[in-house]
Amino acid sequence: MSAVGLRERKKEKTRLALLDAALDLFLEQGYESTTIEQIAGVVEVSPRTFFRYFTSKDHLVLWFHDHGEAILLEEFAARPADEPPFTSLMHGLRAMVDDMQGSTPEDTERFLKLRQLFDKYPHLVGQSVARGAMTETRLAEAVAARRGVAPEDDQLTYLIVAFAMSTMRIGFECPRRETTMPEIVSRISEAVALAEASLRPGWDTRPAA
């Protein structure tokens, strides 16, 4: 393995160690009571090292948004320019599903701990919603650019994105229960199929009148 590959593996190991330490501390002693110094101390790194991976405690909890957004934008950009944007976004959701299928039991445990954290601290849910809105704005910019319209003037662009992101939310949350990653992946795949079957092909290709 190359030196670059080894460095990337070490970085990923440290990132996950920080995430695991933080989730455990948040659930054991409280979100507000836990400090960045404590999180770093569990992993035996400095607070300075913590900030190489996360900008704050909130960023640590919401990091999964960064990961999902990157997959969606990358897949959308790779799709044919003449493909209906909603179809491209559905391919983006499938790329997220493919990524989730590679999840380990540790990934599932982290996901369940995050759900516990959101249930215990509602203000984090609000921050997650706000972060999700940022992703929708960036996706709307990409969709509008393909459709040749200004996003701020085109409601259809935002509806396309809203429908796509609602599909993902339904897959994650319906039904809302403690579950395994394979079950979540299956629900998202089912939601994508339902969304595609429910909308007329090509409906999202026309600029708004």
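Predicted model: local features only at pLDDT ≥ 70, side-chain atom pairs only at ≥ 80, totals over all residues.
**Entry 1. Arg131 and its partners**

Arg131 belongs to helix H8 and Glu69 to helix H5, so the pair ties together parts that are 62 residues apart in sequence. I then looked up accessibility for both. Glu69 has 10% relative accessibility and counts as buried. Arg131 counts as buried too, at 12%. The cut-off that matters here is under 20% relative accessible area.

I found that Arg131 has a salt bridge with Asp66 as well, with 2.8 Å between the closest N and O atoms. Asp66 sits in helix H5 (residues 63-78) and Arg131 in helix H8 (residues 122-147), so this pair ties together parts 65 residues apart in sequence. Asp66 has a relative accessible area of 27%, so I list Asp66 as partly exposed.

**Entry 2. Other salt bridges**

Next I checked Glu136, which forms a salt bridge with Arg169; the closest N and O atoms are 3.2 Å apart. This pair links distant parts of the chain, with Glu136 in helix H8 and Arg169 in helix H9 (residues 155-173), 33 residues apart. Arg169 is partly exposed, at 36% relative accessible area. I also traced shared partners: Asp66, Glu69, Arg131 and Arg138 are joined into one network by their salt bridges. My count of salt bridges comes to 13.

**Entry 3. Helix H8**

I turned to the helix that carries Arg131 and Glu136. H8 has 26 residues, and the distance from its first C-alpha to its last is 37 Å, close to the 38 Å expected at 1.5 Å a residue. I noted its buried residues, which include the charged Arg131, Glu136 and Arg147. Among the others on that list are Leu124, Leu139, Ala140, Val143 and Ala144. What covers these buried residues? I found that the cover includes H4, H5, H6, H7 and H9. After H8 comes Gly148, with a positive phi near 75°.

**Entry 4. Helix H9**

The buried residues of H9 are Leu156, Thr157, Ile160, Val161, Ala164, Met165, Thr167, Met168 and Gly171. Their cover includes H5, H6, H8 and helix H10 (181-198).

Is Ala195 buried or exposed? Ala195 has a relative accessible area of 13% and is buried. I left aside its neighbours within four places in sequence and found Ala195 in contact with Phe86, Met90 and Thr167. Thr167 is itself one of the buried residues of H9. Ala195 and Phe86 are 109 residues apart along the chain, while their C-alpha atoms are separated by 9.9 Å.

**Entry 5. The largest pocket**

I then looked for open space. Rolling a probe the size of a water molecule over the atoms shows where empty space is left. The largest pocket has a volume of about 1300 Å³. It is lined by 39 residues, and those closest to its centre are Phe64, His65, Phe111, Leu114 and Phe172.

Which helix gives the most to this lining? I found that H5 does, with 8 residues. At least two lining residues each come from helix H1 (3-29), helix H4 (57-61), H5, helix H6 (85-101), helix H7 (105-120), H8 and H9. By residue class, I sorted the lining into 20 nonpolar, 8 polar and 11 charged.

**Entry 6. The whole chain**

I closed with the chain as a whole. The secondary structure comes to 10 helices and 0 strands. Along its principal axes the C-alpha trace spans about 55 × 40 × 35 Å. The chain has 209 residues, and 42% of them count as buried.

Notes
Residues numbered from 1 in each chain as written. Heavy atoms only, no water. Salt bridge = Lys/Arg side-chain N within 4 Å of Asp/Glu carboxyl O. Helix = DSSP H or I, 4+ residues; strand = E, 2+ residues; numbered from the N terminus. Buried < 20%, exposed > 50% of the residue type's maximum accessible area, 1.4 Å probe, protein only. 1 Å grid on protein atoms, 1.4 Å probe; cavity = no way out; pocket = protein on both sides within 12 Å on 5 of 7 lines; lining within 4 Å. Points joined across faces, edges and corners; volume = space filled by probe spheres on them. Expected span 1.5 Å × (residues − 1). Contact = heavy atoms within 4.5 Å.
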